Structures are given as C-alpha cells and as structure tokens.
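Biologist: I have not seen this structure before. Could you take me through it, one question at a time?

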Amino acid sequence: MKIFLLLGIINGFLAVALGAFGAHGLESRLSEKMLATWEKAVQYQMFHTVALLAAGLLMQKITAASITSAGWFFFAGILLFSGSLYIYSTTGIKTFAMITPIGGLAFLIGWILLGYAVVKFI
C-alpha cells in the first residue's frame, strides 16, 4: 500500500528535520531533561518510520489485514507517542506526557501484528 510508503517518507523527513531543530534551535531554550525528551521523540519517530516503510514493502508481497493494521498502529503511535513528547518538551504541560503511553501501546500492537503476519504468511 503506497500510503505507508508515503507516510514513512514524510515521517523520515520530519524526524530528520525535527532532530536538527532540536539540536540547533532548541538547545539553548530547553532544559537538558526536556531536550532529552525531544530527542527520545525523534528516535521513536525514526524507528517507527522504518516500521511504516517495512509494512508498505511487505504489502507489495502479502495481502494481509494484519499488515495494514500494523501500519496504522505504527502511524498512530508516532502521532501519539512522539507528538505528545514534542508538545510536552516544549510546553511542560504534563497532560501531554500522559498521552505518551497510549502511543507506546500502539507501537507494541503494531509490532505484534507485523510479527503475526510474517510468521503466518512468509
């Protein structure tokens, strides 16, 4: 499915841009703790960008609902996990940090679904 390849490409671009912004634009504006939080968001966004690309590539070979679901869970995880950490690290509003575990759960579900598809269909 092209959508996961495109989402992977867009998220890869954004992860690099946001990583550079954090390193150069936020370095003097955020505390070390908040800068580390920003960096964690970038790392997880990039890890799951690769997962989105993998889901898109696997869909070229296998038609399985579990791969489609995995891709959407990876994307939701990026939005919820990384997105909430980006907002939290720049605003300090703890409510956003409370959303982060939901994104982490979405990542875990995505990996389980992707693993299921690989075991069942490859």
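Biologist: Is Phe-4 buried or exposed?

Modeller: This is a predicted model, so the answer applies to the prediction. The relative accessibility of Phe-4 comes to 0%. The cut-off for buried is under 20%, so Phe-4 counts as buried.

Biologist: Which ring pairs with Phe-4, and in what geometry?

Modeller: Searching the whole structure gives nine aromatic pairs. In one of them, the ring centres of Phe-4 and Trp-72 are 5.1 Å apart, with the planes at 70°. Planes over 60 degrees apart count as edge-to-face, so the partner is Trp-72 and the geometry is edge-to-face.

Biologist: How many residues apart in sequence are the parts that this pair ties together?

Modeller: Phe-4 belongs to helix α1, residues 2-24. Trp-72 belongs to helix α3, which covers residues 65-91. The pair therefore ties together parts whose separation in sequence is 68 residues.

Biologist: Are helices α3 and α5 roughly parallel or antiparallel?

Modeller: Two packed helices are described by the angle and the distance between their axes. Here the axes of α3 and α5, the latter at residues 100-121, come within 7 Å and cross at roughly 160°. Angles over 145 degrees count as roughly antiparallel, so α3 and α5 are roughly antiparallel.

Biologist: How many charged residues are in the contact of α3 with α5?

Modeller: The crossing of these two helices is left-handed. The contact of α3 with α5 has 19 nonpolar residues and eight polar ones. The count of charged residues is no charged.

Biologist: Where does UniProt place the feature "transmembrane region"?

Modeller: The annotation comes from an unreviewed UniProt entry. In the model, residues 41-59 are 100% helix, with 27 Å between the end C-alpha atoms. Residues 71-89 are also 100% helix, with the end C-alpha atoms 26 Å apart. The record places the feature at residues 41-59, 71-89 and 95-119.

Biologist: Is Met-34 buried or exposed?

Modeller: Met-34 is part of helix α2, residues 32-61. From C-alpha to C-alpha, Met-34 lies 18 Å from Val-16, and the two are 18 residues apart in sequence. The relative accessible area of Met-34 is 15%. With the cut-off at under 20%, Met-34 is therefore buried.

Biologist: Which residues form the aromatic cluster with Tyr-44?

Modeller: Aromatic pairs require ring centres within 6.5 Å. One cluster includes Tyr-44.

Key. Residues numbered from 1 in each chain as written. Predicted model: local features only at pLDDT ≥ 70, side-chain atom pairs only at ≥ 80, totals over all residues. Heavy atoms only, no water. Axes fitted to C-alpha atoms, helices over the stretch in contact; angles between N-to-C directions. Helix = DSSP H or I, 4+ residues; strand = E, 2+ residues; numbered from the N terminus. Parallel < 35°, antiparallel > 145°, perpendicular 65-115°, else oblique. Left-handed = near helix turned anticlockwise from the far one by under 90°. Nonpolar A, V, L, I, M, F, W, Y, C, P; charged D, E, K, R; others polar. UniProt positions renumbered as here; feature names shortened; annotations may be inferred. Phe/Tyr/Trp six-rings, centres within 6.5 Å; stacked < 30°, edge-to-face > 60°. Buried < 20%, exposed > 50% of the residue type's maximum accessible area, 1.4 Å probe, protein only.
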